Amino acid sequence: MTPGWITTTLLDNETPGGWAVARSREGFLHDDNGPLFPREWLKRQDLSVLAEHGIGYLDGEPMYLLELDRPGDVQGCRWQGLRGFMLQDDHQLYKVLGYAAQIGTWAREHRFCGSCGQAMVQVPRERAMFCQACDLRSYPRISPSMIVLITRGDEILLARSPRFVTGVYSTLAGFAEPGESAEDCLIREVREEVQVEVKNIQYMGSQCWPFPHSMMLGFHAEYAGGDIVPQADEIEDAQWFNIHQLPPLPASRSIARYLIDLYVARRLGHAEPVLPG
Ligand SMILES: NC(=O)c1ccc[n+]([C@@H]2O[C@H](COP(=O)([O-])OP(=O)(O)OC[C@H]3O[C@@H](n4cnc5c(N)ncnc54)[C@H](O)[C@@H]3O)[C@@H](O)[C@H]2O)c1
Ligand SMILES: [Mg+2]
Ligand SMILES: [Zn+2]
(Lines give C-alpha, C1' and ligand atoms only; values in the text may rest on other atoms or scores of the structure.)
(Ligands and ions follow the chains in the order given, each with its own letter.)
Protein backbone atom coordinates (compact mmCIF):
# COMPACT_ATOMS: atom_id res chain seq x y z
CA MET A 1 0.00 0.00 0.00
CA THR A 2 1.30 3.44 -0.94
CA PRO A 3 0.19 5.89 1.75
CA GLY A 4 -1.23 9.27 0.82
CA TRP A 5 -3.12 10.72 -2.14
CA ILE A 6 -1.91 10.23 -5.72
CA THR A 7 -3.92 11.53 -8.66
CA THR A 8 -3.90 9.34 -11.75
CA THR A 9 -5.59 8.78 -15.09
CA LEU A 10 -4.93 5.03 -15.01
CA LEU A 11 -8.26 3.97 -13.49
CA ASP A 12 -10.88 2.50 -15.76
CA ASN A 13 -14.63 2.81 -15.14
CA GLU A 14 -15.31 -0.81 -16.14
CA THR A 15 -13.31 -2.25 -13.21
CA PRO A 16 -15.61 -2.50 -10.17
CA GLY A 17 -14.69 -1.68 -6.58
CA GLY A 18 -12.80 1.06 -4.79
CA TRP A 19 -14.08 4.19 -3.08
CA ALA A 20 -16.10 7.06 -4.49
CA VAL A 21 -17.29 10.57 -3.72
CA ALA A 22 -20.55 12.02 -5.06
CA ARG A 23 -20.65 15.69 -5.97
CA SER A 24 -23.48 17.98 -6.98
CA ARG A 25 -24.00 21.73 -7.01
CA GLU A 26 -24.66 21.42 -3.24
CA GLY A 27 -21.17 20.02 -2.63
CA PHE A 28 -20.22 16.51 -1.51
CA LEU A 29 -22.49 13.82 -0.12
CA HIS A 30 -21.38 12.76 3.36
CA ASP A 31 -22.56 10.82 6.38
CA ASP A 32 -21.16 10.65 9.91
CA ASN A 33 -18.07 8.83 8.56
CA GLY A 34 -17.32 11.53 5.99
CA PRO A 35 -17.67 11.85 2.18
CA LEU A 36 -15.94 8.60 1.06
CA PHE A 37 -18.28 5.69 0.28
CA PRO A 38 -17.75 2.18 -1.13
CA ARG A 39 -18.17 2.83 -4.86
CA GLU A 40 -20.48 -0.09 -5.66
CA TRP A 41 -22.78 0.88 -2.76
CA LEU A 42 -22.86 4.52 -3.89
CA LYS A 43 -23.74 3.50 -7.46
CA ARG A 44 -26.74 1.52 -6.19
CA GLN A 45 -28.25 4.68 -4.64
CA ASP A 46 -30.86 6.64 -6.55
CA LEU A 47 -28.48 9.32 -7.87
CA SER A 48 -28.51 10.84 -11.36
CA VAL A 49 -24.88 10.48 -12.46
CA LEU A 50 -23.70 12.82 -15.26
CA ALA A 51 -20.16 11.46 -15.38
CA GLU A 52 -17.88 9.02 -13.59
CA HIS A 53 -14.11 9.56 -13.44
CA GLY A 54 -11.34 7.56 -11.78
CA ILE A 55 -9.39 10.30 -9.99
CA GLY A 56 -6.60 8.65 -8.00
CA TYR A 57 -5.41 6.33 -5.25
CA LEU A 58 -5.95 7.14 -1.58
CA ASP A 59 -3.68 5.03 0.64
CA GLY A 60 -3.41 2.57 -2.26
CA GLU A 61 -7.19 2.26 -2.84
CA PRO A 62 -8.75 3.43 -6.13
CA MET A 63 -10.91 6.55 -5.80
CA TYR A 64 -13.69 7.59 -8.17
CA LEU A 65 -15.86 10.67 -8.59
CA LEU A 66 -19.56 10.54 -9.43
CA GLU A 67 -20.57 13.95 -10.80
CA LEU A 68 -24.31 14.31 -10.34
CA ASP A 69 -26.95 16.18 -12.27
CA ARG A 70 -28.65 17.24 -9.02
CA PRO A 71 -28.31 16.55 -5.29
CA GLY A 72 -30.27 13.36 -4.52
CA ASP A 73 -31.58 12.12 -1.17
CA VAL A 74 -29.63 9.29 0.44
CA GLN A 75 -30.82 8.14 3.85
CA GLY A 76 -28.56 9.32 6.68
CA CYS A 77 -26.55 11.58 4.36
CA ARG A 78 -26.21 15.34 3.92
CA TRP A 79 -24.43 17.69 1.51
CA GLN A 80 -21.53 19.99 2.34
CA GLY A 81 -19.63 22.43 0.10
CA LEU A 82 -15.89 22.21 -0.52
CA ARG A 83 -15.26 25.33 1.59
CA GLY A 84 -16.74 23.55 4.62
CA PHE A 85 -14.27 20.67 4.14
CA MET A 86 -11.40 23.16 3.67
CA LEU A 87 -12.12 24.62 7.10
CA GLN A 88 -11.87 21.18 8.75
CA ASP A 89 -8.58 19.67 9.94
CA ASP A 90 -8.18 16.82 7.45
CA HIS A 91 -5.86 18.36 4.87
CA GLN A 92 -5.52 15.16 2.80
CA LEU A 93 -9.29 14.79 2.51
CA TYR A 94 -9.54 18.43 1.37
CA LYS A 95 -6.92 17.72 -1.34
CA VAL A 96 -8.92 14.70 -2.57
CA LEU A 97 -12.16 16.70 -2.64
CA GLY A 98 -10.48 19.77 -4.19
CA TYR A 99 -9.19 17.63 -7.04
CA ALA A 100 -12.55 15.85 -7.38
CA ALA A 101 -14.31 19.25 -7.52
CA GLN A 102 -12.08 20.50 -10.34
CA ILE A 103 -12.47 17.29 -12.34
CA GLY A 104 -16.22 17.35 -11.67
CA THR A 105 -16.62 20.95 -12.85
CA TRP A 106 -14.66 20.16 -16.02
CA ALA A 107 -16.52 16.88 -16.66
CA ARG A 108 -19.89 18.65 -16.23
CA GLU A 109 -18.92 21.46 -18.61
CA HIS A 110 -17.32 19.26 -21.30
CA ARG A 111 -19.93 16.61 -21.97
CA PHE A 112 -20.45 18.24 -25.37
CA CYS A 113 -17.89 19.56 -27.82
CA GLY A 114 -17.44 23.34 -27.63
CA SER A 115 -16.57 23.40 -31.33
CA CYS A 116 -19.21 21.19 -33.02
CA GLY A 117 -21.68 20.31 -30.25
CA GLN A 118 -21.37 16.48 -30.42
CA ALA A 119 -21.15 14.34 -27.25
CA MET A 120 -17.56 13.91 -26.03
CA VAL A 121 -15.94 10.75 -24.64
CA GLN A 122 -13.24 10.22 -22.00
CA VAL A 123 -9.76 9.51 -23.37
CA PRO A 124 -8.27 6.39 -21.72
CA ARG A 125 -5.18 7.08 -19.55
CA GLU A 126 -5.35 10.82 -20.19
CA ARG A 127 -7.29 13.54 -18.35
CA ALA A 128 -9.02 14.69 -21.52
CA MET A 129 -12.41 14.65 -23.21
CA PHE A 130 -12.41 13.90 -26.93
CA CYS A 131 -14.80 14.72 -29.77
CA GLN A 132 -14.84 11.86 -32.29
CA ALA A 133 -16.61 14.07 -34.84
CA CYS A 134 -14.01 16.88 -35.02
CA ASP A 135 -10.98 15.58 -33.03
CA LEU A 136 -11.13 18.36 -30.40
CA ARG A 137 -9.52 17.49 -27.07
CA SER A 138 -10.52 19.41 -23.93
CA TYR A 139 -8.37 19.36 -20.81
CA PRO A 140 -9.29 20.47 -17.27
CA ARG A 141 -9.43 24.24 -17.05
CA ILE A 142 -7.00 26.04 -14.73
CA SER A 143 -7.27 29.82 -14.36
CA PRO A 144 -4.05 31.63 -13.40
CA SER A 145 -4.81 34.27 -10.78
CA MET A 146 -2.46 36.74 -9.19
CA ILE A 147 -2.57 37.58 -5.48
CA VAL A 148 -0.39 40.26 -3.86
CA LEU A 149 0.43 41.62 -0.43
CA ILE A 150 1.38 45.31 -0.73
CA THR A 151 3.40 46.69 2.16
CA ARG A 152 4.70 50.06 3.40
CA GLY A 153 6.97 49.39 6.38
CA ASP A 154 4.79 48.26 9.29
CA GLU A 155 1.61 48.77 7.22
CA ILE A 156 -0.07 46.37 4.82
CA LEU A 157 -2.76 47.14 2.27
CA LEU A 158 -5.85 44.96 2.67
CA ALA A 159 -9.26 45.21 1.04
CA ARG A 160 -12.64 43.63 1.31
CA SER A 161 -14.98 42.54 -1.45
CA PRO A 162 -18.74 42.64 -0.86
CA ARG A 163 -18.62 38.80 -1.17
CA PHE A 164 -16.38 38.35 1.92
CA VAL A 165 -17.56 37.28 5.38
CA THR A 166 -18.44 40.41 7.40
CA GLY A 167 -15.36 42.21 8.71
CA VAL A 168 -12.76 40.13 6.85
CA TYR A 169 -10.04 41.94 4.86
CA SER A 170 -7.66 40.23 2.44
CA THR A 171 -4.89 40.80 -0.09
CA LEU A 172 -5.71 41.95 -3.62
CA ALA A 173 -6.30 39.27 -6.25
CA GLY A 174 -7.45 38.93 -9.84
CA PHE A 175 -7.54 36.69 -12.88
CA ALA A 176 -4.86 36.94 -15.56
CA GLU A 177 -6.10 38.10 -18.94
CA PRO A 178 -4.83 36.97 -22.36
CA GLY A 179 -1.59 38.72 -23.28
CA GLU A 180 -0.49 39.35 -19.70
CA SER A 181 2.44 38.10 -17.63
CA ALA A 182 1.70 37.51 -13.93
CA GLU A 183 3.49 40.81 -13.19
CA ASP A 184 1.43 42.71 -15.81
CA CYS A 185 -1.71 41.26 -14.26
CA LEU A 186 -0.60 42.28 -10.76
CA ILE A 187 0.09 45.89 -11.77
CA ARG A 188 -3.24 46.15 -13.66
CA GLU A 189 -5.31 44.58 -10.87
CA VAL A 190 -3.74 46.80 -8.20
CA ARG A 191 -4.42 49.89 -10.33
CA GLU A 192 -8.00 48.80 -11.04
CA GLU A 193 -8.89 47.80 -7.49
CA VAL A 194 -7.18 50.55 -5.43
CA GLN A 195 -5.42 52.94 -7.89
CA VAL A 196 -2.06 52.39 -6.18
CA GLU A 197 1.37 51.90 -7.83
CA VAL A 198 3.80 49.18 -6.66
CA LYS A 199 7.53 48.36 -6.97
CA ASN A 200 9.97 45.54 -6.10
CA ILE A 201 7.53 42.77 -7.08
CA GLN A 202 8.66 39.41 -5.69
CA TYR A 203 7.19 35.98 -6.38
CA MET A 204 6.46 34.15 -3.10
CA GLY A 205 4.81 30.87 -4.08
CA SER A 206 1.67 29.34 -5.56
CA GLN A 207 -1.40 27.44 -4.47
CA CYS A 208 -4.17 25.47 -6.14
CA TRP A 209 -7.47 27.14 -5.29
CA PRO A 210 -10.29 24.86 -6.49
CA PHE A 211 -13.10 27.50 -6.26
CA PRO A 212 -13.68 26.59 -9.03
CA HIS A 213 -10.30 26.29 -10.81
CA SER A 214 -7.79 28.98 -9.90
CA MET A 215 -4.04 28.62 -9.72
CA MET A 216 -2.99 31.35 -7.29
CA LEU A 217 0.39 32.99 -8.01
CA GLY A 218 1.40 34.77 -4.82
CA PHE A 219 3.52 37.94 -4.73
CA HIS A 220 4.84 40.55 -2.35
CA ALA A 221 5.17 44.15 -3.57
CA GLU A 222 6.16 47.44 -1.99
CA TYR A 223 4.03 50.55 -2.17
CA ALA A 224 5.35 53.07 -4.70
CA GLY A 225 2.70 55.81 -4.79
CA GLY A 226 -0.92 56.92 -5.05
CA ASP A 227 -3.85 57.26 -2.65
CA ILE A 228 -6.23 54.34 -2.16
CA VAL A 229 -9.39 54.68 -4.28
CA PRO A 230 -11.51 51.50 -3.98
CA GLN A 231 -12.98 50.22 -7.27
CA ALA A 232 -16.76 50.73 -7.35
CA ASP A 233 -18.74 47.47 -6.93
CA GLU A 234 -15.63 45.20 -6.63
CA ILE A 235 -13.97 46.66 -3.51
CA GLU A 236 -16.18 47.63 -0.59
CA ASP A 237 -13.29 49.08 1.43
CA ALA A 238 -9.47 49.13 1.31
CA GLN A 239 -7.12 50.43 4.00
CA TRP A 240 -3.57 50.42 5.31
CA PHE A 241 -3.45 48.30 8.46
CA ASN A 242 -0.64 48.33 10.99
CA ILE A 243 0.72 44.81 11.52
CA HIS A 244 0.00 45.19 15.26
CA GLN A 245 -3.69 46.00 14.62
CA LEU A 246 -4.95 43.68 11.90
CA PRO A 247 -8.63 43.08 11.08
CA PRO A 248 -10.18 39.58 10.81
CA LEU A 249 -8.14 37.76 8.14
CA PRO A 250 -8.88 35.00 5.57
CA ALA A 251 -8.84 31.26 6.42
CA SER A 252 -5.47 29.91 7.55
CA ARG A 253 -5.28 27.52 4.58
CA SER A 254 -5.38 30.34 2.00
CA ILE A 255 -2.29 31.79 0.33
CA ALA A 256 -3.70 35.24 1.20
CA ARG A 257 -3.30 34.41 4.88
CA TYR A 258 0.14 32.91 4.26
CA LEU A 259 1.40 36.10 2.54
CA ILE A 260 0.16 38.20 5.46
CA ASP A 261 1.46 35.85 8.19
CA LEU A 262 4.84 35.54 6.47
CA TYR A 263 5.35 39.31 6.26
CA VAL A 264 4.30 39.83 9.88
CA ALA A 265 6.58 36.97 11.03
CA ARG A 266 9.57 38.42 9.17
CA ARG A 267 8.89 41.92 10.47
CA LEU A 268 8.65 40.69 14.07
CA GLY A 269 11.43 38.09 13.82
CA HIS A 270 8.99 35.22 14.53
CA ALA A 271 9.07 31.68 13.05
CA GLU A 272 7.87 31.70 9.42
CA PRO A 273 4.64 29.93 8.42
CA VAL A 274 4.58 27.14 5.81
CA LEU A 275 2.64 27.67 2.57
CA PRO A 276 -0.39 25.32 2.60
CA GLY A 277 -0.59 23.19 -0.56
N1 LIG B 1 -6.43 31.39 -2.06
C2 LIG B 1 -6.54 32.66 -1.68
O3 LIG B 1 -5.95 33.08 -0.69
C4 LIG B 1 -7.39 33.62 -2.48
C5 LIG B 1 -7.58 34.92 -2.00
C6 LIG B 1 -8.30 35.83 -2.80
C7 LIG B 1 -8.82 35.44 -4.03
N8 LIG B 1 -8.65 34.14 -4.42
C9 LIG B 1 -9.18 33.69 -5.71
O10 LIG B 1 -8.54 34.41 -6.75
C11 LIG B 1 -9.37 34.43 -7.89
C12 LIG B 1 -9.38 35.82 -8.46
O13 LIG B 1 -9.78 36.77 -7.49
P14 LIG B 1 -10.98 37.82 -7.72
O15 LIG B 1 -12.28 37.13 -7.55
O16 LIG B 1 -10.66 39.01 -6.89
O17 LIG B 1 -10.81 38.16 -9.29
P18 LIG B 1 -11.02 39.54 -10.10
O19 LIG B 1 -10.52 40.69 -9.29
O20 LIG B 1 -10.42 39.31 -11.45
O21 LIG B 1 -12.58 39.75 -10.21
C22 LIG B 1 -13.54 38.73 -10.35
C23 LIG B 1 -14.24 38.91 -11.68
O24 LIG B 1 -13.42 38.38 -12.71
C25 LIG B 1 -14.22 37.77 -13.72
N26 LIG B 1 -13.84 36.36 -13.85
C27 LIG B 1 -14.35 35.27 -13.25
N28 LIG B 1 -13.70 34.14 -13.63
C29 LIG B 1 -12.73 34.53 -14.47
C30 LIG B 1 -11.72 33.84 -15.19
N31 LIG B 1 -11.57 32.50 -15.08
N32 LIG B 1 -10.88 34.56 -15.95
C33 LIG B 1 -11.01 35.89 -16.04
N34 LIG B 1 -11.96 36.63 -15.39
C35 LIG B 1 -12.82 35.95 -14.63
C36 LIG B 1 -15.66 37.92 -13.28
O37 LIG B 1 -16.17 39.08 -13.90
C38 LIG B 1 -15.53 38.13 -11.78
O39 LIG B 1 -16.61 38.84 -11.25
C40 LIG B 1 -10.73 33.91 -7.42
O41 LIG B 1 -10.82 32.55 -7.82
C42 LIG B 1 -10.64 33.98 -5.91
O43 LIG B 1 -11.42 32.98 -5.28
C44 LIG B 1 -7.94 33.23 -3.68
MG1 LIG C 1 -10.09 40.96 -7.29
ZN1 LIG D 1 -16.46 18.44 -32.03
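Colleague: What percentage of the 277 residues in the protein chain is buried?
Modeller: This is a predicted model: local features need pLDDT of at least 70, side-chain atom pairs count only at pLDDT 80 or more, and totals for chains, interfaces and linings use all residues. Residues are numbered from 1 along each chain as its sequence is written, with chains lettered from A and ligands numbered from 1 in written order. A residue is buried if 20 or more other C-beta atoms, placed from the backbone, lie within 10 Å of its own. In the protein chain, that share is 31%.

Colleague: Which residues of helix 5 are buried?
Modeller: Helices are DSSP runs (H or I, at least four residues) and strands are too (E, at least two), numbered from the N terminus. Helix 5 covers 255-268. Its buried residues are Ile255, Ala256, Tyr258, Leu259, Ile260, Leu262 and Val264.

Colleague: Which residues are closest to ligand 1?
Modeller: The shell counts residues with a C-beta atom, placed from the backbone, within 6 Å of the ligand. Helix 5 supplies at least two of its residues, as does strand 13 (172-175). Of the 17 surrounding residues, the closest are Ala173, Gly174, Phe175, Ser254 and Ala256.

How values were computed
Buried ≥ 20, exposed ≤ 12 C-beta atoms within 10 Å, placed from the backbone.
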